[in-house]
Amino acid sequence: MSRGGGKGLSLKDKLDGNELDLSLCDLNEVPVRELAALPKATVLDLSCNNLVSLPSDFCSLMHLVKLDLSKNRLQQLPLDFGRLVNLQHLDLLNNRLVTLPVSFAQLKNLKWLDLKDNPLDPVLAKVAGDCLDEKQCKQAAVKVLQHMKAIQSEQDRQRQRKLQAEREPTSGSRPPQPPRHKRSWSRSVLRVLLFALLCVLCALAACKLTELQRQPLCISVNALYEDVLAALQNHKTLQNMLQQNSQQ
């Protein structure tokens, strides 16, 4: 274990029942391997040292119930800090923390938390409160856990939306298609209209070009045809007159 720049401190000498006091030991790193060999030490005091960070394997100390990291120089906690699921009491007073890892939401047994005297993100600072007494520190644990769970849920939703967007084709790849039943209905109507138009043309041709033109029905059809042509010609003549007047 590093103490300042040297080694030689025996953890067993510091162990008192289930409490291990390593405060004021001038530590600049945590002796994780030695601590893992003492699962009986569920209460760990690492306050008043020179710790700037915690190693990732620190989170393997899942036997910890009470942890004091106050008055160090911690700038962040390990990403998987939430693995310390048995932690009930956490003191982070007077460090250099700005945020907490999202996995913090997994500390379901946390009952007491002190984050005072850290340059916390304003939102997190407001959630954590002052922790000036036992009641406030307990409230801090509850509120911070709720806050971190909300952040974790939002990140999970964003991840799901991203995965869904990657599975679906992009909106610009092809224009949106109308529903299949609407397309089928439109095609059916178009076919009926085309068939009706074809029937009209065939009847008109028969009444104009065959001996059926003398039949009463064809006489009516031919008369209607002539009326339509005359109306179209009159409409065209009227348009030409209006166009000439407008030019004058």
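The model is a predicted one: local features need pLDDT of at least 70, side-chain atom pairs count only at pLDDT 80 or more, and totals for chains, interfaces and linings use all residues. Residues are numbered from 1 along each chain as its sequence is written, and side-chain values use heavy atoms, with hydrogens and water left out.

On secondary structure, the chain comes to 6 helices and 6 strands. Both kinds of element are DSSP runs numbered from the N terminus, with helices being H or I of at least four residues and strands being E of at least two. Along the sequence, the elements come in the pattern α-β-β-α-β-β-β-β-α-α-α-α. The chain has 248 residues, and 29% of them count as buried. Buried here stands for under 20% relative accessible area, exposed for over 50%, and partly exposed for what falls in between, using a 1.4 Å probe and protein chains only.

Now to the aromatic rings. A pair of aromatic rings is described by the distance of the centres and the angle of the planes. Rings of Phe, Tyr and Trp (its six-membered ring) pair if their centres lie within 6.5 Å, and planes under 30 degrees apart count as stacked, over 60 as edge-to-face and the rest as tilted. The count by this rule is 1 aromatic pair. Its partners are Phe-81 and Phe-104, which are stacked at 6.2 Å centre to centre with 5 degrees between the planes. Phe-81 sits in the loop between β4 (66-68) and β5 (89-91), and Phe-104 in the loop between β5 and β6 (112-114), so the pair ties together parts that are 23 residues apart in sequence. Phe-81 is buried, at a relative accessible area of 0%, and Phe-104 is buried with a relative accessible area of 0%. Setting aside neighbours within four places in sequence, Phe-81 is in contact with a list of residues including Leu-54, Phe-58, Cys-59, Leu-67, Leu-90, Pro-101 and Phe-104. Leu-107 is also among the contacts of Phe-81; the two are 26 residues apart in sequence, with their C-alpha atoms 8.5 Å apart in space.

Helix α4 comes next. It covers residues 134-167, and its 34 residues should span 50 Å at 1.5 Å a residue; the end C-alpha atoms are 50 Å apart, which agrees. The expected span is 1.5 Å times one less than the number of residues. At the N-terminal end, Asp-133 caps α4, with a side-chain oxygen 3.2 Å from the backbone nitrogen of Lys-135. Buried residues in α4 are Cys-137, Ala-140, Ala-141, Val-144, Leu-145, His-147 and Met-148. The buried residues of this helix pack against β6 and α3 (122-128).

That leaves the charged side chains. A salt bridge is a side-chain nitrogen of Lys or Arg within 4 Å of a carboxyl oxygen of Asp or Glu, and the count by this rule is 5. Arg-157 is partly exposed at 44% relative accessibility, and Glu-154 is partly exposed with a relative accessible area of 29%. Salt bridges with shared partners join Glu-154, Arg-157 and Arg-161 into one network.

Another salt bridge links Asp-114 and Lys-116, at 2.9 Å from N to O. Asp-114 lies in strand β6 and is buried, with a relative accessible area of 5%, whereas Lys-116 is partly exposed at 23%. Not counting residues up to four places away in sequence, Asp-114 touches Leu-90, Asp-91, Leu-92, Leu-93 and Cys-131. Arg-83 and Asp-80 form a further salt bridge, with the closest N and O atoms 3.6 Å apart. Arg-83 counts as partly exposed at 36% relative accessibility, and Asp-80 is partly exposed with a relative accessible area of 27%.

Definitions and conventions
Contact = heavy atoms within 4.5 Å. Polar contact = N/O pair within 3.5 Å; in protein donor to acceptor, adjacent residues only side chain to side chain.
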